[in-house]
Amino acid sequence: MSVWSFTVFWVLAALGVFGLWVTLLILGPNRMFRGTAVERAYFAVTETLPEALERWMRSGVGDALAARAERVWNALFGRRNPIIQIFGVVLYWTGLAVFFAQVAPYIPNRYVASWQWYIPANKVVPIGATLAANIGSYIAACAADPGVVTAENVDTACQVFGYDHLLYFERDCRTCLQRKPARSKHCSACRRCVQMVDHHCIWLNNCVGLGNARWFLCFLATFSIVCVYGTYLVGTVILELRHVHGLADGAVIWDELGEPVQLSFKSSVLYLFDGYPLLAVLFVLLLVLTPAIGIFTAYQLRITALGYTSNEETKWLNISDAVNDGVVFAVRDHEDAPHETIQVIEKEDQTDDARPRRPISHLRH
């Protein structure tokens, strides 16, 4: 066994890149990262890079083949389909299998007390309840109706929330050709309007909306617990394995040339990773993904507590930008009109628009 396998290094490096890619997909669209390197990297990965690849394909293989590849891409990722969902489920269960095969046998250990893992009377795993809640809430979030607006329920849906005449107006959906309830949005992936939609989640293969938001939040909260606690347990097992294999306290091993090598803490961990590659893969993925999952969960809980969705937060941000640009006004159609409506009037159109109006300088929502 070498101190550090070249193959294991590149596998872990690839996993790190994959973890960062997933992190960008999770965090990139969120308001907290607006104007930051995270948002710029997200747009680079989701827009700039695909556009560059499309230009390269059109110049290299021709428009016909590039157009065909674009149709395949849109079918896979622009429409509702289970590919990413299946990938996520396989990754989840593979991680659990590795955990129970290579981590669980070393628990309890000198770093983890027995009560954290086994209840002595019947050896029930305490985290099993969290895993059950996590898996159950995921299935519910995937299977539940997110609040799809249909011809049969559109009248009822339109009565759930009132129109504020700022974000939402009484109008028809241009795609569904039926009334659009307040706080709803047409999802291009699902090809349907969804009540109080937050976003379309590729990992659920479903929208997150009025009907399944609670299950989605439960899934995020329990998944965060599983990831944080799992990272802690895997870390303690790595430390335990250093003792099991005699690698602690400045151990000496012999490299491939027969030369003695005194192991530092870092070298001993890398040495273990060479012998336990699946454990190394699991640990790297947890290290990369756990912070992203935790931040995203905190964000979702925050906006839920404030009473709006990520879709609405984006709309408020757009309106806030328009207010700062001086193009939002409370407008009356004529002097005697009883009500004002909030409208955006671009600067180049303000001179020609003679309707009575007053500027909006700040927002309260």
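A contact here means heavy atoms within 4.5 Å. On that count, 61% of the contacts in the protein chain with a separation of 6 or more come from residues 24 or more positions apart. The model is a predicted one, where local features need pLDDT of at least 70, side-chain atom pairs need pLDDT 80 or more, and totals for chains, interfaces and linings take in all residues. Numbering starts from 1 along each chain as its sequence is written, and side-chain values rest on heavy atoms, with hydrogens and water left out.

The protein chain has eleven helices and nine strands (DSSP runs numbered from the N terminus, H or I of at least four residues for helices, E of at least two for strands). Of its 365 residues, 42% are buried, that is, under 20% relative accessible area with a 1.4 Å probe, protein chains only.

Now to a helix pair. Helix 5 (residues 127-143) packs against helix 7 (residues 213-244) at about 145°, the axes lying 8 Å apart; axes are lines fitted to C-alpha atoms over the stretch in contact, and angles run from 0 to 180 degrees between N-to-C directions. Residues making this contact include I127, L131 and Y138 of helix 5 and W215, F219 and Y229 of helix 7.

As for the strands, three of them form an open antiparallel sheet in the order 8-7-9 (pairing takes at least two DSSP bridges between two strands). Strand 8 (341-344) and strand 9 (357-359) each have a single partner strand, so one side of each is left without a neighbour in the sheet. Strand 7 (residues 328-331) pairs with strand 8 over four bridges, and V331 sits opposite T341 in strand 8.

How values were computed. Buried < 20%, exposed > 50% of the residue type's maximum accessible area, 1.4 Å probe, protein only.
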